[in-house]
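Hi,

Here is the structure I promised to pass on to you. Have a look at it first, and then read on for my notes.

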Amino acid sequence: NLKFSSFLFLRERERETKKSERERAKKKVAKIGNNKAKSMKRQQHPSPNTANDDSSESSFGETDSLYSNMKEDDDFVDDGGVDDNGDQFDMDSAVDMNQIIIEMERNSELLLRDTNNNNGNNGNQDRAFRRISFGNDRRIGIAQNKINFMINKIIKMIEYDFECSNLEHDFNCFTYEERFLIKNEIIEYNSKLEFNLLHLAAKNNNYHSCYFLINSIKLDKLREVPKLNVIPFHILIINNPISKNDKFNTDYKFTNLMQRFTKTFELLMPPDEKLNEQYTAMKNTALHMATLHKNYYAVELLLKNPLVRLCVKNKENNTAVEIACQNDIRQIIGLFLSYKAKYHELTCDILFKSLNYSFRYRNEYVRTLFGLLLKLKQDELLAALDNEENKEFLSNLIESNMSVLIELLIDKLGKDKLFGLFAKYNLKPFILAARMSNNIMFECLFKLIGYAMFEMDEHGNNIIHIAVKHNNHSLIKYMLNEKSMSSR
């Protein structure tokens, strides 16, 4: 940037030097022409005081000899025959001097070189450079105003999202150097937060602005905001959530919003190899961000891409499916489960964690997730349940009010293997069911494996104690009606 600014300064200094020398020559010629006209009048009407005064003639002699070798030119700048003091002079006598002006314009570079090589007159050289610098600052100021005006037009375009064909034409009218400076100003739009105008256009979901900045200004759509570690694609997803209800709304406002979002989404989407790349301090992918911010439509567009993976985990060891279940975002959970082509990416760990969250909120997708779990092979399922991390799944299964699931799991694994896992983790299913007043689960367990009368909790309480403590009349009545229980 420093080298480029120096180049601009030297170029503007050279132009301003020509202009300053041209203006100085015009003033000098006007004064000399005025003096020559007055001298000719004095020669026609001599007076005693001016009869012997030939200084003006000698001065014109020097001037004529100085420019005697210069060529004639048809271009003539008419100064109106008026000098600095407002006195009129004969234009016919100044024709030669005007030709000299044109030649001085063409030879201003030689005059500047003579000024710079004049080592004996440093004062004149300094004054010349001061004049050049003043003119250069003025020209740079005008160029900077044009650049600022262009940037303000781009900002207005981002605010109102109008089509930018005229703006593209205006931008192409700038020189290469000015376009380079405009691009730098756009990139450094907010140096404090370190984001540029493309990030702002993505935040406002402005397709035309993003298209202009990427294709005309040539901004990089993968440029990150360093403090947030996100790219424009992520900013679009985070700041423009579209729910399932918005998607199916037929109002013009929502249909227009959907169209703009789809175009901007496709424009800013990173290459295929970067779709699953992790950003932010939490190491989230685009699918994680869309799920966290409940952007139903963005999740749908991402799932349509076969390269987007569901098994990528963030810093908290959660996938996008687990985040949806953890936050009970039921619309997005249903969206994930509707894409059967992605089922092979849902591993045992993902299903177990998703089911644990679903048991907590008792949502309607528990059976679908449990059905996917039962599709696994018996050995694979047993190996996953044999892991200490999945102990919570078994306890949540007993505490839930879904006896059908325990029956299905017993059919899949066998009664002995399942209750062997309960014994391994020191889980007491009857105690858990009685403590949660889950009578349906208690009756189901009793029919499947019989009654364990002497099963006690950590405080030495058996099932009857727990039922009385929780004032569970139906469970007490059920136990008294069973012959095997009442006899004991």
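**Around helix 18**

The cover over the buried residues of helix 18 includes helix 15 (320–326), helix 16 (330–338), helix 17, helix 19 (378–385), helix 20 (391–399) and helix 21 (403–413). Please keep in mind as you read that this is a predicted model. The residues of helix 18 that are buried are Val-366, Leu-369, Phe-370, Leu-372, Leu-373 and Leu-374.

Helix 17 (residues 348–361) packs on helix 18 (residues 366–374) with 10 Å between the axes and an angle of about 155°. Because that angle is over 145°, helix 17 runs roughly antiparallel to helix 18. The crossing of helix 17 with helix 18 is left-handed. On the helix 17 side, the contact is made by Leu-351, Phe-352, Ser-354, Leu-355, Ser-358 and Phe-359; helix 18 brings Val-366, Leu-369, Phe-370, Leu-372 and Leu-373. Sorted by class, that contact of helix 17 with helix 18 has 9 nonpolar residues, 2 polar ones and no charged ones.

**Helix 19 with helix 21**

Two of the helices that cover helix 18 also pack on each other: helix 19 and helix 21 have axes 10 Å apart, at an angle of about 115°. Helix 19 contributes Gln-378, Leu-381, Leu-382 and Leu-385 to the contact, and helix 21 contributes Leu-409, Lys-412 and Leu-413. In this contact of helix 19 with helix 21, 5 residues are nonpolar, 1 is polar and 1 is charged.

**Some loop residues**

Which residues does Lys-313 contact, leaving aside its neighbours within four places in sequence? They are Gln-278, Lys-283, His-288, Asn-318, Thr-319 and Asp-349. Lys-313 sits in the loop between helix 14 (296–303) and helix 15. Its relative accessibility is 28%, so Lys-313 counts as partly exposed. Gln-278 is 35 residues away from Lys-313 along the chain, yet their C-alpha atoms are separated by 9.1 Å.

Most residues other than glycine have a negative phi. Asp-328, in the loop between helix 15 and helix 16, has a positive phi, near 55°. Asp-328 is partly exposed because its relative accessible area is 22%. Ser-437 has a positive phi as well, near 55°, and its place is in the loop between helix 23 (429–435) and helix 24 (439–449). With a relative accessible area of 36%, Ser-437 is partly exposed.

**The chain as a whole**

Stepping back, the secondary structure of the protein chain comes to 27 helices and 0 strands. Of its 488 residues, 42% are buried. Among the contacts in the chain with a separation of 6 or more, 73% are between residues 24 or more positions apart.

How many disulfides does the structure hold? There are 0. As for cysteines, Cys-210 has a relative accessibility of 0% and therefore counts as buried. Cys-444 is at 8%, so Cys-444 counts as buried too.

Happy to talk any of this through.

Best wishes

How values were computed. Residues numbered from 1 in each chain as written. Predicted model: local features only at pLDDT ≥ 70, side-chain atom pairs only at ≥ 80, totals over all residues. Heavy atoms only, no water. Disulfide = S-S within 2.5 Å. Buried < 20%, exposed > 50% of the residue type's maximum accessible area, 1.4 Å probe, protein only. Axes fitted to C-alpha atoms, helices over the stretch in contact; angles between N-to-C directions. Helix = DSSP H or I, 4+ residues; strand = E, 2+ residues; numbered from the N terminus. Parallel < 35°, antiparallel > 145°, perpendicular 65-115°, else oblique. Left-handed = near helix turned anticlockwise from the far one by under 90°. Contact = heavy atoms within 4.5 Å. Nonpolar A, V, L, I, M, F, W, Y, C, P; charged D, E, K, R; others polar.
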